[in-house]
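Subject: Structure handover and notes

Hello,

Here is the structure I said I would pass on. My notes are below it.

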Amino acid sequence: MSVKKEENGTWTATGRYPKGPDGKVRSYKRRGFSTKKEAKEAERKLLEEFKGVANTHMTINELIEEYHKDAPILYKESTLKGYYRIERTFIIPQLGTKYIDKLTTMDIQRWINTIYENGYDGKKYSDETIKSILLHLSGLLTYALKHDWLIKNPCSNVDRPRNPNKKSNELSSKDNYWEIDEYNEFMETVEDGERYDIYEFCFYTGLRIGEFCALQWKHVDLENKTITIEQSLSSITSKITSPKTDNSYRTITVPNKIMDKLQLKYSYVSQIRNFNDEWYVYKDETYISVGTLRRWFNEDVRKAGVKIITFHGLRHSHASYLLSNPMISEQLIADRLGHTVAVLRKTYAHVYKKHRKYLDDYISNL
């Protein structure tokens with residue numbers, strides 16, 4: 001659907017109607033409009049007139065069924081599991097029997113506002129969950145749009161509800177990290193040797209928790225002192241899967257003190273019967289679960305009485321530690337973390353802000 005200016009100065013609207021009842025797709029073309037606005041308005045009226053006649057009359061439930069015929073080849077199992085949960089919990093109970101061609105922007109706006117204000121089934125939900133619900137419904141309707149079952153997506157003009165009086169967190173990582181002295185203070189209280197080695201490894205490598213759990217001996221190069229990240233453990237499906245993004249595939253250098261411990265560990269475990277390089281570095285034939293690691297870390301942080309951060313905060317701490325060194329380029333840090341520079345700057349804006357203060361103080365004293 002588009003409008004364009006002709007050589008004679010008039011405007012033309014062209015496009016395709018959605019599939020008709022006979023399954024065929026027909027085109028339209030209207031010419032001779034004096035302005036672009038007139039052409040767009042004429043196109044809008046044309047499609048509105050067609051809407052009630054030729055739109056595919058299917059319910060949200062039927063749309064979801066069609067969507068999941070294609071989804072498995074497009075999304076990871078963990079992503080699909082999240083979509084199923086949103087559909088079962090929020091979309092199907094309240095919108096499932098509604099016809100997609102009758103669903104309006106106002107219907108969706110009131111629906112999502114109600115969930116935001118009152119919760120659902122006795123439970124209130126976070127802003128992030130509300131965002132995920134709305135995005136998935138929009139994705140379902142976009143799927144219908146691509147298959148010519150709808151003329152437009154009624155989610156397009158829906159506003160995501162939010163509390164105007166609530167202070168938004170600048171970034172999720174803003175307070176979820178330790179400075180090096182805070183990390184050292186915490187580590188002095190960790191008594192369990194296995195946990196100590198795990199926390200130390202994650203602080204000095206910056207691996208995501210799933211990447212750490214999925215690390216096997218085949219990924220460790222003891223001679224060159226590197227590890228390769230090429231898989232991750234999903235906390236949702238408890239299965240080994242591909243890393244989060246294409247940038248997450250990487251090989252990084254590991255500090256000598258960490259590699260010395262890995263060398264010692266390898267010399268021991270490699271003597272165990274049935275050992276092979278498919279064994280997990282910080283376990284054995286099986287991996288440590290994401291839930292277990294988080295539980296251990298949360299217990300030790302509370303016991304230490306230090307600033308509360310999550311296990312993922314060790315990754316943020318690693319990034320902040322590297323960013324505090326002006327001699328290390330952003331690109332190298334981004335590569336090490338499996339990020340792009342743009343994502344690095346967005347995620348760690350709080351660190352850049354702190355460095356800007358140092359620069360301002362330095363300039364002031366010149």
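What follows is a short account of the conventions, then salt bridges, helix contacts, surface patches and backbone angles.

This is a predicted model, in which local features need pLDDT of at least 70 and side-chain atom pairs count only at pLDDT 80 or more, while totals for chains, interfaces and linings use all residues. Residues are numbered from 1 along each chain as its sequence is written, and side-chain values use heavy atoms, with hydrogens and water left out.

Helices (H or I, at least four residues) and strands (E, at least two) are DSSP runs numbered from the N terminus. Buried means under 20% relative accessible area, exposed means over 50%, and partly exposed is in between (1.4 Å probe, protein chains only). The areas come from the Shrake-Rupley method with a 1.4 Å probe, and for residues only the protein chains shown count as cover.

Salt bridges

With a salt bridge taken as a side-chain nitrogen of Lys or Arg within 4 Å of a carboxyl oxygen of Asp or Glu, the count comes to 12. In one of them, the side chains of Arg195 and Glu299 meet at 3.4 Å, N to O. This pair links distant parts of the chain, since Arg195 is in helix H7 (residues 193-205) and Glu299 is in helix H10 (residues 290-304), 104 residues apart. Arg195 counts as buried at 15% relative accessibility, whereas Glu299 is partly exposed at 30%.

Another salt bridge joins Arg345 and Glu330, with an N to O distance of 2.7 Å. Arg345 lies in helix H13 (residues 341-347) and Glu330 in helix H12 (residues 330-337), so this pair ties together parts that are 15 residues apart in sequence. Arg345 is partly exposed, with a relative accessible area of 46%, and Glu330 is partly exposed at 22%. Some bridges share partners: Arg195, Arg295, Glu299 and Asp300 are joined into one network in this way.

Lys283 forms a salt bridge with Asp284, where the closest N and O atoms are 3.7 Å apart. Lys283 is partly exposed at 38%, and Asp284 is partly exposed at 25%.

Contacts across the sequence

Helix H7 also holds Ile198, which is buried with a relative accessible area of 0%. Ile198 and Leu293 are 95 residues apart in sequence and 9.0 Å apart in space, C-alpha to C-alpha.

Thr226 is in strand S5 (residues 226-229) and counts as buried at 15% relative accessibility.

Helix H2

How are the buried residues of H2 arranged around the axis? In this helix (residues 60-70), Ile60, Leu63, Ile64, Tyr67 and His68 are buried. They cover an arc of only 130° around the axis, which puts them on the same side of H2; the arc is that of the directions from the helix axis to the C-beta atoms. Exposed residues Glu65 and Lys69 are carried on the face of H2 turned away from the buried side.

Surface patches

Patches are made of residues with over 30% relative accessible area and no salt bridge, with like charges joined within 9 Å and nonpolar side chains (Val, Leu, Ile, Met, Phe, Trp, Tyr) within 5 Å. Lys and Arg count as positive and Asp and Glu as negative, while His and the chain ends are not counted. The place of a charge is NZ of Lys, CZ of Arg, CG of Asp or CD of Glu.

Lys131, Arg160, Arg162 and Lys346 form a positive patch. Of these, Lys131 lies in helix H5 (residues 127-146) and is partly exposed at 32%.

Ile73, Leu74 and Tyr75 make a nonpolar patch of about 350 Å². Ile73 is in the loop between H2 and helix H3 (77-95), and counts as exposed at 75% relative accessibility.

Backbone angles

Most residues other than glycine have a negative phi. Asp121 has a positive phi of about 55° although it is not a glycine, and is found in the loop between helix H4 (105-118) and H5. Asp148 likewise is not a glycine and has a positive phi, of about 65°; its place is the loop between H5 and helix H6 (180-187). Is each of these two buried or exposed? Asp121 counts as exposed at 74% relative accessibility, and Asp148 counts as buried at 13%.

Regards
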